[in-house]
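Hi,

Here is the structure I promised to pass on to you.

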Amino acid sequence: PAEITAAAINATTGALTLQADAAIAVEAAIAKTSGSLTLETTNATATPGQGITILRPLRVTGDLVLRSAGDITQAATGATIDVGTLEARSSGGQVRLEAGGNAIRALAGGSAATRLGIATTTALSVDGAIAAPETALATTQALALRAPLTATTSLDLNADGGVTQDTTGAGITTGLLRLQAPLGAVTLAGAGNRVTTLGDATVPLGLTLVNEGALNIAGSIGGGRLSFTTRTGDLTQDPAASRIIADEVQAVAEAGSVLFDGTLNSIPLLYGRARDSFVVDAGGAVLLAAPVSGTDVEIRAAGEIAQDLGAPVTATRLRLNATGGAITLDDPQNRVAALGDAAAGGAFVLATAGALAIEGTVSGTEIGLTAGGDITTNGGRIETPLLRVTSIGGLVRLDAGANAIAALGSSGAATDFTLVNRDPLRVAGA
């Protein structure tokens, strides 16, 4: 029939399916307390205005299924949806069920040709695959991802109580991910995530994101503990448009480089690893709170650079810049083969377990170098008012004619000790 009453729907205790060719409008309140309800338009295409429109409250204790070639929408007020499980699919339009007051507890699946948006005041579980170019899921409580989410253009996850993800079968695929979770942590550590770009993210209780491919951070990220891992590809930041502000950051590129070089970053605690380069501009002072490793490691800070005991640096080449403070990397378990350009606004102290080659310009108000093996010059030079240098198990050969050292403090070598200086040198220690 062209019209069916709400009373007839409510009185149906089993599953009920209502179909129309082009359009269905819910114009009276529905409260179906038993069985599922399916509303479906059967035409393969739709013109503007056709589809499924919810104008009055719709409550279904069981499953609610909405299918149409046209748009699936609800009025902004007076048309709340209260369901246990929702499935909504628009083959040629959009799904916009974002009215305030919705109580949608689970999504059994959904799709749209353009945009899919769901908002709810209850905890939301994604139990079936969701696919639309643009997708937005919003809840005032927690969001649980238990099935794949595919949003080729953009995906917005706004969950006041945080976001969790199953370890398998719930991967996210999207060109742009945006996050907002003011009252809960966001943990996206399941297998299969393929996020090209991370946009703005407000995650004060922390964010963990494990990605199968390369990941670029292009927005403003604000949070407590941030952990980013790429299984393949680089982990990068748009230095002009992005900033990372966090209590601590872990950055891991298992098969690529970490390049967090935004000048507006604020990263007081840092650790991580990269197969290739590991480059971080931390903003203010930074403490290496756990091991840092990479083929080429570079750390920049406006304040001091220091490390906790048990947080060694492992690098084929290390570069450092602390414009406004000291550099103190004195963990004897450091393994730094070569020191490139390194500048400290205060003292510079570096210890390493093996041999050390000076390959760049090293400067500081005073410099202390300690190595388990040889300490040699390989195209670099030292500029400092006071140098202390010790090779525990080898020789010291700092023979660059461009060295500018005012005084030599307590120093030593297990074998030979050679120092060449541009200017007169004062020996101030034994």
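R225 has a relative accessibility of 35%, so R225 counts as partly exposed. Before we go on, keep in mind that this is a predicted model.

What does R225 pair with? Its side chain meets that of E248 in a salt bridge, at 3.7 Å from N to O. R225 sits in strand β25 (residues 220-230) and E248 in strand β27 (residues 243-253), so this pair ties together parts that are 23 residues apart in sequence.

There's also a network: D296, E298, R300 and R319 are joined into one by salt bridges that share partners. As for the total, the structure holds 18 salt bridges.

Here are two more pairs to look up. One is D82 with R105, whose side chains meet at 2.9 Å, N to O. D82 belongs to strand β8 (residues 81-90), while R105 is in the loop between β10 (103-104) and β11 (106-112), so the bridge ties together parts 23 residues apart in sequence. Both ends are partly exposed: D82 has 26% relative accessibility, and R105 has a relative accessible area of 38%.

The other is E134 with R115, a salt bridge of 3.4 Å, N to O. Strand β15 (residues 134-139) holds E134 and strand β12 (residues 115-120) holds R115, so the parts tied together here are 19 residues apart in sequence.

Cheers

Methods. Residues are numbered from 1 along each chain as its sequence is written. This is a predicted model: local features need pLDDT of at least 70, side-chain atom pairs count only at pLDDT 80 or more; totals for chains, interfaces and linings use all residues. Side-chain values use heavy atoms; hydrogens and water are left out. A salt bridge is a side-chain nitrogen of Lys or Arg within 4 Å of a carboxyl oxygen of Asp or Glu. Helices (H or I, at least four residues) and strands (E, at least two) are DSSP runs, numbered from the N terminus. Buried means under 20% relative accessible area, exposed over 50%, partly exposed in between (1.4 Å probe, protein chains only).
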